[in-house]
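Here are a few notes to read with the model open beside you. Take them in order, and turn the view as you go.

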Amino acid sequence: MAQIPTPHFGLLEYDEASVIRFPEGIPAFESDTAFLLIEKTETAPLLYLQSLVHPELCFYTVPAATLVSDYAFRPAPADLEPLASNPADLLTLLLLTFRENGAASANLKAPVLIGRHSHLGRQVILFDSDYSFEHPIGNPTVTESESPC
Amino acid sequence: MLIIGRRVGETIHLGPDVEIHIMDLTPSRVKIGIVAPKQLPILRGEMIEAARQNKAASQAAATGDSVSRLLTQLRSHNSPALR
């Protein structure tokens, strides 16, 4: 078992076998080449993508299937091959961003793909799709303190 | 921004080392050929946007409230916000 102190989870103990390697990192975080995928029962179905290179880096993600019932993309062979031999072996995650008004958006344009057996991951950009980088989830709420006047 | 109109087969030169060739054109898509030194990065705009979006996601200052609200939306059967 290995250990890493993190701001979000305190001291994390983990099995090396559960480390997910991102050989190219992800855009803007190319040096973050190892992550853990963490689920906490109380916040399911959220999955936290916790960097093992920079412990302060942790993404909120959600399996695409929990948000979009018909997420229509076929991974290009160049994207799929390094991760899995079969699309059914891929976990597709969407990165979430919390906006200033407290609402969250999901990145449908650039999903994170992880091979369940290979434990390899990468973020792919669906260049030819009309999906949004900032697809809103739910309706933003403006609270009293946030209203402009 | 300098805006130039080109037809298929025509070119634009950027300095001595970079050439833009208009290869093909359809109503929805232009195919562009680029001649440039190997060390010049050539990126689709979405790559820059992806980096920007990842940075925004990494800074997610999620409050307990916003996470609860999100979980409610995720767990509700009909995921109303995503069509």
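1. One idea before we start: the expected span of a helix is 1.5 Å times one less than its number of residues. Keep in mind, too, that this is a predicted model.

2. Now try that on helix H2 of chain B, residues 64-75. This helix has twelve residues, and from its first C-alpha to its last it reaches 16 Å, close to the 16 Å expected at 1.5 Å a residue.

3. Which residues of H2(B) are buried? They are B:Ser66, B:Val67, B:Leu70, B:Leu71, B:Gln73 and B:Leu74. Look down the axis of H2(B) and these buried residues fall within an arc of 160°, so they line one face of the helix. Over on the other side of H2(B), you'll find B:Gly64, B:Asp65 and B:Thr72 exposed.

4. So much for the helix itself; what about its cover? The buried residues of H2(B) are covered by parts of chain A, including strand S6 (58-63), helix H1 (64-67) and strand S7 (90-98). Strands S8 (104-106) and S11 (135-137) of chain A are also among the elements that cover them.

5. Let's step back to chain A as a whole. Chain A has two helices and eleven strands, and from the N terminus on the order is β-β-β-β-β-β-α-α-β-β-β-β-β. A compact globule of 149 residues would have a radius of gyration near 15 Å, and chain A has 16 Å, which agrees. Buried residues make up 52% of the 149 residues in chain A.

6. How many of the residues of S6(A) are buried? Six of six, so to speak: the strand is mostly covered. In a regular strand the side chains alternate between the two faces of the sheet. Here A:Cys58, A:Tyr60 and A:Val62 point one way from S6(A), while A:Phe59, A:Thr61 and A:Pro63 point the other way, and all are buried.

7. Finally, the partners of S6(A). Strand S5 of chain A (residues 47-51) runs antiparallel to S6(A) and is joined to it by four bridges; A:Gln50 stands opposite A:Cys58. S5(A) and S6(A) form a hairpin, with six residues between them. S6(A) also pairs with S7(A) in the antiparallel sense, over four bridges, and there A:Thr61 stands opposite A:Leu95.

Conventions: Residues are numbered from 1 along each chain as its sequence is written. Chains are lettered from A and ligands numbered from 1 in the order in which they are written. This is a predicted model: local features need pLDDT of at least 70, side-chain atom pairs count only at pLDDT 80 or more; totals for chains, interfaces and linings use all residues. Side-chain values use heavy atoms; hydrogens and water are left out. Buried means under 20% relative accessible area, exposed over 50%, partly exposed in between (1.4 Å probe, protein chains only). The arc is that of the directions from the helix axis to the C-beta atoms. Contact means heavy atoms within 4.5 Å. The radius of gyration is taken over C-alpha atoms; the globule rule is 2.2 Å times the number of residues to the power 0.38. Two strands pair if DSSP finds at least two bridges between them.
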